[in-house]
Amino acid sequence: MKTFVRIILALIVIAILVIAGMIWIPSERTPAQALAPDSEVSVARGEYMMRAADCIACHTAPEGKTFAGGRAIQSPFGVIWSTNITPDKETGIGNYTLDDFRAALYDGLNKQGAHLYPAMPYENYRVISEADVQSLYKYFMEAVPAVNNKVPETDLAFPFNQRWGLRAWNWVALNPVGFHAPTDDQMINRGAYLVQGAAHCAACHSPRTMFMSQKGANGDDPAFLSGGEVDGWSAPSLHGPDSVAGQWSKEQMAHYLATGRNDYATAVGEMSLVVGDSLQYLTSEDNMAIAAYLKHISGGKTPEAPDAANRTVTATEKLLASADPSMPLGPRLYLDNCSGCHFVDGRGAPEIFPALDDNLMVTADSPKGLIYTILHGAELPSTESRPARLRMQSYAWRLSDEEVAELATFIRQGWNNKASAVTASDVAPVR
């Protein structure tokens, strides 16, 4: 018995020492990587990488000044407030050295050595090259105006307010620093570098482990980009023959990245911000490279274009075209509110009104994205090549929770869609 007690006490002492070490011993920073011989470090390159990394979307509050922080980032553990990353010396990163800046991007550490919450996607930014890190630093320090803006302190409930615990999370979650080219094809490799690193696509489009880290670091893992969830919205799979990357051509995919629209879908929710603040500013070559990489990890096949002349008329289309006043409530609501844009065949209009038939947001496991869009509307981003800011109106003022549930259920089960029904209790929290 005494031996058992001694073992327990020894384990307790060891645990206390480990925790004390995690709290008081400074975390190691990743040292500077060697620059490639032909590397260019410049403000212009830094600005381009800022766009690729989509820094504006998270670090700019609604109606706030660019990069001044204060945007509320929803997480499963509470609200995380984005930081001020302007070169203001009091409230921003004006006192950061290049080493401090690299530690934030690679290791999730601020200047004082405190751990950043991984809402900052340093899991992904570890792929970014040294030249791009230095260019980003040069851009933020030399080209971004300093803004004095003290943002709210993130205050999560215990134990998530104990940031020292993220040290253990980092041991589990982080992969080695650096990028490893998956092929000999320069275009595919460029796309892989952007997808895995700066663009941090896995932050939304990969599922999470039991530790809430991203599953898979690259296309060798079938879980990588196989679909995730963002604040209840389903982010579709981008990996495999059944994903959008497997079903769309490279050209359609690249066009969607640059404009937020193509013949199949339009960008809504978080993806609208990604296109509006980030992807539209990439070169056409880089958007095509991203599409090429996603196509590569999805089998590389180009699907045949649908034959519009020989398409099958669905039972849903026949029902809606009949305009029978005795039809159920769901299709009646669709005729009254949706058919003018999405039509009775549910196919919409390319680049304007998205198809609802075989739409991955419509048939997602979580109906939240569809419910939110019905209640609150949606707006396509204005881009250089597609400047029109098209908007779908909201219907929260017009439809009750029960009616929204009936309409959403009809859309999720109409035409060729096969998804679960929606209830009024699903609608109420989204409203």
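These are my notebook entries on a predicted model, one stop at a time.

**Entry: S42**
I began with S42, which sits in the loop between α1 (2–24) and α2 (43–53). Buried or exposed, I wondered about S42? The relative accessible area is 13%, so S42 counts as buried, the cut-off being under 20%. I then looked up what touches S42, skipping its neighbours within four places in sequence, and got S135 and K138.

**Entry: the β1–β2 hairpin**
Next I went to strands β1 (residues 72–75) and β2 (residues 78–81), which run antiparallel and are joined by four bridges. They form a hairpin, with two residues between them. Looking across from A72 in this pairing, I found W81 of β2 opposite.

**Entry: helix α4**
How many of the 10 residues of α4 are buried? I noted eight for this helix (residues 98–107), so α4 is largely enclosed by the rest of the structure. The buried ones are D100, F101, R102, A103, A104, L105, Y106 and D107. I checked what they pack against, and it is three helices: α5 (122–125), α6 (130–142) and α7 (166–173). Just after α4 comes G108, and I wrote down its positive phi of about 65 degrees.

**Entry: α8 against α13**
Then I turned to a helix pair, α8 (residues 186–196) and α13 (residues 284–296). Their axes are 7 Å apart, and the helices pack at an angle of about 90 degrees. That makes α8 roughly perpendicular to α13. From α8, I listed M187, I188, R190, G191, A192, L194, V195 and Q196 in the contact. From α13, the residues are D286, M288, A289, I290, A292, Y293, L294 and H296. Sorted by class, this contact has 11 nonpolar, three polar and two charged residues.

**Entry: the nonpolar cores**
Which residues touch the most other members of the largest nonpolar core? I found F67, F140, L225 and L294, out of 64 residues in that core. Leaving out neighbours within four places in sequence, L225 is in contact with V195, C201, A202, H205, S206, S237, L238, H239, L294 and I297. V195 and L294 had already come up in my entry on α8 and α13.

**Entry: α15 against α18**
On the α15 side I noted L329, G330, P331, L333 and Y334, which meet E403, E406, L407, F410 and I411 in α18. The classes here come to seven nonpolar, one polar and two charged residues.

**Entry: E379**
My last stop was E379, in strand β5 (residues 378–379). With a relative accessible area of 30%, E379 is partly exposed. Setting aside neighbours within four places in sequence, I found E379 in contact with A267, S272, R389, L390 and R391. I also looked up how E379 sits relative to Y264: they are 115 residues apart in sequence, and 16 Å apart in space from C-alpha to C-alpha.

Note on methods:
Residues numbered from 1 in each chain as written. Predicted model: local features only at pLDDT ≥ 70, side-chain atom pairs only at ≥ 80, totals over all residues. Heavy atoms only, no water. Axes fitted to C-alpha atoms, helices over the stretch in contact; angles between N-to-C directions. Parallel < 35°, antiparallel > 145°, perpendicular 65-115°, else oblique. Contact = heavy atoms within 4.5 Å. Nonpolar A, V, L, I, M, F, W, Y, C, P; charged D, E, K, R; others polar. Buried < 20%, exposed > 50% of the residue type's maximum accessible area, 1.4 Å probe, protein only. Core = buried A, V, L, I, M, F, W, Y, C linked by side-chain atoms within 4.5 Å. Pairing = 2+ DSSP bridges.
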